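Reader: I am new to this structure and would like to go through it one question at a time. Please show it first.

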Amino acid sequence: MAEHKVIFLPDGIQKNVAEGTTIMAAAAEAGVELEGPCGGRGTCGKCRVLVKARGEEEWVLACKTPVTEDMTIEIPQAAVALHRKSALTETDVHIKIEPGIKKKAIKVKEATVEYQASDTERLLSELGNALKVFNLEALKSLPKAVRKSQGLVTVTMTDDEILAVEPGDVTGRLFGIAVDIGTTTIVVSLVNLLNGETLSTASATNAQNIFGADVIARIEHVMKQAQGLEQLQRRVVNVINRLIEKLSEECSVAPQEIVKVSIAGNTTMGHLFLGLDPSAIAPAPFTPVVRHDVQVEGKQVGLKVYPAAKVTVLPNIAGYVGADTIAVILATNIYQEKGVTLAIDIGTNGEMVLSVNGNLMACSTAAGPAFEGAHIKQGMRAAAGAIEGVRIEEDVMLRVIGNTAAKGICGSGLIDAIAELVRVGIIDQSGKLLGKEEAEHLPDNLRDRLST
């Protein structure tokens, strides 16, 4: 099948794709952020791009336009303010770090004619003959590590398994990553497992978005397409791997040094990451494949970390209340609060957790269509030009991301706007938006903004 070169502006990213691939799919393969909340139906109009080919220009919908020749694609409003979500992780969280993985430097005796013990036997002897299973990756690295450093090696291990053997003393380097798989945004943090310090954080759009903005659309894709589950799993892993690569370069940490991975996300996102069929989550009684935590190795899910790295997907509460809510509960310590406390997580999926003296109840609803602009005429995500704050005094004042001209309004702006409309009496207690004749209490410049 013929391939064509596609160049994405303004970043100049190039990708060769098979003829017939949609521009939306080509962008996802290239790692280019492009909106597609309607799941390729061509109804939202938010994947509109400018195609330049053969000296001509044309505005098209990326989800409906195939690549049939070499072309240049200009993406408007390409700068997405993902750093705002990443910045939330910069707050210090005072917890005792317990990664379940540790390193120990030991000196392995040299084998002799009189002492013909195997490499594993001699290593275990120095560990106090603790009963441990050698991971195959550790066995592969063991002989070279022992002989390269005159027997001085560092053993990476859990309570019952040896994961890795490295030459020399590298006990000062133990790293893991924490991953938040959001329906819209994926955030990855690189963590020093020795002291719990977050070294750096990176985020990107979840590339599954070309199949729809919400979990139902993605479950439908799995149900309707033979390769749907594989496509969704591959896309989310590819994004995580790109972010791991970025963090590794930034912090001078080799991906092979990452030995622990923790994954949080809603129930559907967790299933798709693991390659588990989420089809039964969509209809009542909303049954997931698994609710308890799942432990796998990095190589089993395609992560570009140490192959035997321990990957933990946090447990789910129910079909639509997932591990991301578990993370909120743990991070806020809401289960230890006295009295009545409410935790709210507003994302593509919105969850609430109510604590009454430590007794917890949780629920969820679809928030993305409202707060991320999927079905709002002037709605948009938190990108440059999005109204993120509203204040109504004598006039309407706006706070816009990037301090630029307003192009639309995102979730926080919508919440602010509604709160202000209620505060000044433009929306009454029933939720009705007053007309001009009903708002005599308002200044003229505000009344003039209302319809009759």
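Reader: Which residues are linked in a network of salt bridges?

Author: This is a predicted model, and the answer concerns its computed side-chain pairs. Side chains of opposite charge can pair when their charged atoms come close. Here the linked residues are Arg391, Glu393, Glu420 and Arg423.

Reader: How many residues apart are arginine 423 and glutamate 420 in helix H11?

Author: The side chains of arginine 423 and glutamate 420 meet in a salt bridge, at 2.9 Å from N to O. Both belong to helix H11, residues 411–423, and about one helical turn separates them because they are apart by three residues.

Reader: Which parts does the salt bridge of lysine 103 and glutamate 166 tie together?

Author: The two side chains meet at 3.1 Å, N to O. Lysine 103 counts as buried at 16% relative accessibility, while glutamate 166 is partly exposed at 24%. The pair ties together parts 63 residues apart in sequence, because lysine 103 is in strand S6 (residues 102–107) and glutamate 166 is in strand S9 (residues 161–167).

Reader: What separates arginine 234 and glutamate 230 in helix H6?

Author: These side chains form a salt bridge of 3.6 Å, N to O. Arginine 234 is partly exposed, with a relative accessible area of 39%, and glutamate 230 is partly exposed too, with 45%. Since the two are four residues apart in helix H6, the separation is about one helical turn.

Reader: How are H6 and H7 oriented to each other?

Author: Two packed helices are described by the angle between their axes and the distance between the axes. The axes of helix H6 (residues 228–251) and helix H7 (residues 267–274) come within 7 Å and cross at roughly 95 degrees. Angles of 65 to 115 degrees count as roughly perpendicular. H6 and H7 are therefore roughly perpendicular.

Reader: Is glutamate 351 buried or exposed?

Author: Glutamate 351 is in strand S17, residues 349–356. Beyond its neighbours within four places in sequence, its contacts include Tyr320, Asp324 and Cys363. Its relative accessibility is 3%, so glutamate 351 counts as buried.

Definitions and conventions. Residues are numbered from 1 along each chain as its sequence is written. This is a predicted model: local features need pLDDT of at least 70, side-chain atom pairs count only at pLDDT 80 or more; totals for chains, interfaces and linings use all residues. Side-chain values use heavy atoms; hydrogens and water are left out. Axes are lines fitted to C-alpha atoms, for helices over the stretch in contact, and angles run from 0 to 180 degrees between N-to-C directions. Angles under 35 degrees count as roughly parallel, over 145 as roughly antiparallel, 65 to 115 as roughly perpendicular and the rest as oblique. Buried means under 20% relative accessible area, exposed over 50%, partly exposed in between (1.4 Å probe, protein chains only). Contact means heavy atoms within 4.5 Å. A salt bridge is a side-chain nitrogen of Lys or Arg within 4 Å of a carboxyl oxygen of Asp or Glu.
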